[in-house]
Amino acid sequence: MTETHLKKSKAQLDGEFSELYRAHLRDVYSYAYYRVGDHHDAEDLTEQTFLQAYRHFERAQQESNGRPLRPWLIRIAHNLAANLYRDRSRKPASPIDENSNLTALHTTEQLVEGRDELSRVLAGVQQLPDDRREALIMRFALGMDNREIARAMDRTDGATKVLIHRAIKQLEELVGDPRKDGRDE
Amino acid sequence: MSEAAHNFESLLREALTPVEPPADLAERLESTLTSITELAAEELEAWELSTMRDPRNWARPAAAIVAGSAAGAALVVLRARRRAAARPSGPLGLTLPHLDRAAAERTLRDLSRETRKLLGDR
């Protein structure tokens, strides 16, 4: 009885983890890519995130009280990325990959239309403090709302709202005044 | 929100477009997760996943087992996948060819052996 029950529970957990994985693989990869700045590290980070998530999935479910687990996944990725940089004893020279790779994310059509402002925005994002950069990645690349971002960053909703507001303001200044963008010098 | 602010946020949303994961990443990860879900708790311990409780220990086993940077481990996964007959559904219900239990156990043993070899030299 107990064994059957446990097996059923494991099957349910596996099924639910599968749903989580399918729903958020792109989110985790997108976060990882914009966070670490290259595809190779982003792949490693994504894999490690989901394996660690699987290991702690049951407890996370219990503690989430039914709330979405995406912030928890992103927090795992955040912690792993922090460890990656700590182990390497450096921050990435370019937190977001070289512009050549980034622009490849966008269509040729956009580039032909002279959307170099996208590159300027991305260059500006690189210059933001870590917490502001991460908040913008979560908001705009992953489409997370303030509450989700707050949970992922272990902040209050209010503090998160202020953080995002300040991040956008700072980015506007950076993008609006190329002289503040060190990459353009 | 002013029009300028709205436009800037639209631009930001366009710049930070979501990035699709490479197909081989999804395949590799799904295969690994499928294998892992077949494992009993005791087997997981034998696989030395306990070393991964501390995130600082993640790099080595993860690299050896999953990331593909350790060719040996990646190859045993591929070998196991080739050996495994396609099943209608696996524990994760993933669309890739699934490992049956016996194949998963072989994979576990192979991975454990290969991982020990790979980590033993470091």
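**View 1. Leu128(A) in the loop between α6 (116-127) and α7 (130-141) of chain A.** This is a predicted model, in which local features need pLDDT of at least 70 and side-chain atom pairs count only at pLDDT 80 or more, while totals for chains, interfaces and linings use all residues. Residues are numbered from 1 along each chain as its sequence is written, and chains are lettered from A and ligands numbered from 1 in the order in which they are written. Leu128(A) counts as buried because it has 20 C-beta neighbours inside 10 Å (buried: 20 or more other C-beta atoms within 10 Å, placed from the backbone). Not counting residues up to four places away in sequence, Leu128(A) touches Arg133(A), Ala167(A), Gln170(A) and Leu171(A) (contact: C-beta atoms, placed from the backbone, within 7 Å). Gln170(A) lies 42 residues from Leu128(A) in sequence, with 7.6 Å between their C-alpha atoms.

**View 2. The packing of helix α8 (residues 146-153) and helix α9 (residues 157-176) of chain A.** The two helices (DSSP runs of H or I, at least four residues, numbered from the N terminus) pack at an angle of about 100°, with their axes 8 Å apart (axes are lines fitted to C-alpha atoms over the stretch in contact, and angles run from 0 to 180 degrees between N-to-C directions). α8(A) is therefore roughly perpendicular to α9(A) (65 to 115 degrees). Asn146(A), Arg147(A), Ile149(A), Ala150(A) and Met153(A) in α8(A) meet Asp157(A), Thr160(A) and Lys161(A) in α9(A).

**View 3. Confidence in helices α1 and α5 of chain B.** Within chain B, mean pLDDT (the predictor's confidence in each residue, from 0 to 100) is highest in helix α1 (residues 3-15), at 85, and lowest in helix α5 (residues 71-83), at 38.

Methods. A residue is buried if 20 or more other C-beta atoms lie within 10 Å of its own, exposed if 12 or fewer, and partly exposed in between; C-beta atoms are placed from the backbone. Two residues are in contact if their C-beta atoms, placed from the backbone, lie within 7 Å. Angles under 35 degrees count as roughly parallel, over 145 as roughly antiparallel, 65 to 115 as roughly perpendicular and the rest as oblique.
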